[in-house]
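I opened the model to look up a few side-chain pairings. My notes follow.

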Amino acid sequence: MATSEDAAPTPESTDAPAESRGRVRLRRTALMAVPAAVVGAVLMTLTAQGVLAAQFAISGMPFTVTADSLEGVGFEQFGSLDHMIEGSPNEGDTGGQVLVIVSAIKQAELTKLCQSVDLGGINLLIKAGDAGTPVTATDLTTDSDLVSGDASFKNIEIGGDASTYTKAGVQGLPGVFGQQADTVTIRNLRQHNYATTAAAFKLPHLRLSFSSEGC
């Protein structure tokens, strides 16, 4: 899974300045240092076939996602970097880059989904899937810096090269540590996310509101 933003430049090139080659090595080292979380959920930008077309610039405003349960078929997880626009007011001391846990699920169902984003004293709140019909998604992806819950997997593989993964149709950069499984189940899911995308996303009983409290 590569983009023009995330594809690793060729540090072997003798034309590249030493400083540029150093940044490339530092980025690759940072990616490989991200452990695969023992819980999963959803990851970054891809097409319906799981081929990454173009990465969007994140706003840099994180949002919280919770669900009573997540059931997924075709699961992958590995590390990556998200990027804000140049000079983003939200970059803080990150330099406009956020190290994230990239998760992907080919087919997902979420019960009692809640999503909230803090707009500065007031939260934009989205709820769905809490009236007997779960939220469903295909090629569901998230970029998170925190994922928690009670997880179980079927036929899990840990420590593989993320560029070789096939369970969700998404690939990471060569040499990046990751994990994949046939299925994933997470109870009491909680995520701190920077991006979420899906090829299809159905939200039964959707309610959008403002609240003093988030999820």
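I started with R207, which is partly exposed because its relative accessible area is 32% (buried is under 20%, exposed over 50%, partly exposed in between; 1.4 Å probe, protein chains only). This is a predicted model, where local features need pLDDT of at least 70, side-chain atom pairs count only at pLDDT 80 or more, and totals for chains, interfaces and linings use all residues. Residues are numbered from 1 along each chain as its sequence is written, and side-chain values use heavy atoms, with hydrogens and water left out.

What does R207 pair with? I found a salt bridge to D130, 2.7 Å from N to O (the term needs a side-chain nitrogen of Lys or Arg within 4 Å of a carboxyl oxygen of Asp or Glu). D130 sits in the loop between strand 4 (123-128) and strand 5, and R207 in strand 9 (residues 207-211), so the pair ties together parts 77 residues apart in sequence. Strands here are DSSP E runs of at least two residues, numbered from the N terminus. D130 is partly exposed at 29%.

I searched the whole structure and got five salt bridges. Another one joins R187 and E71, with the closest N and O atoms 3.1 Å apart. R187 is in strand 7 (residues 177-197) and E71 in strand 1, so parts 116 residues apart in sequence are tied together.

Next I checked D139 and K106, whose side chains meet in a salt bridge at 2.9 Å, N to O. D139 is buried at 5% relative accessibility, while K106 is partly exposed at 27%.

Definitions and conventions:
Helix = DSSP H or I, 4+ residues; strand = E, 2+ residues; numbered from the N terminus.
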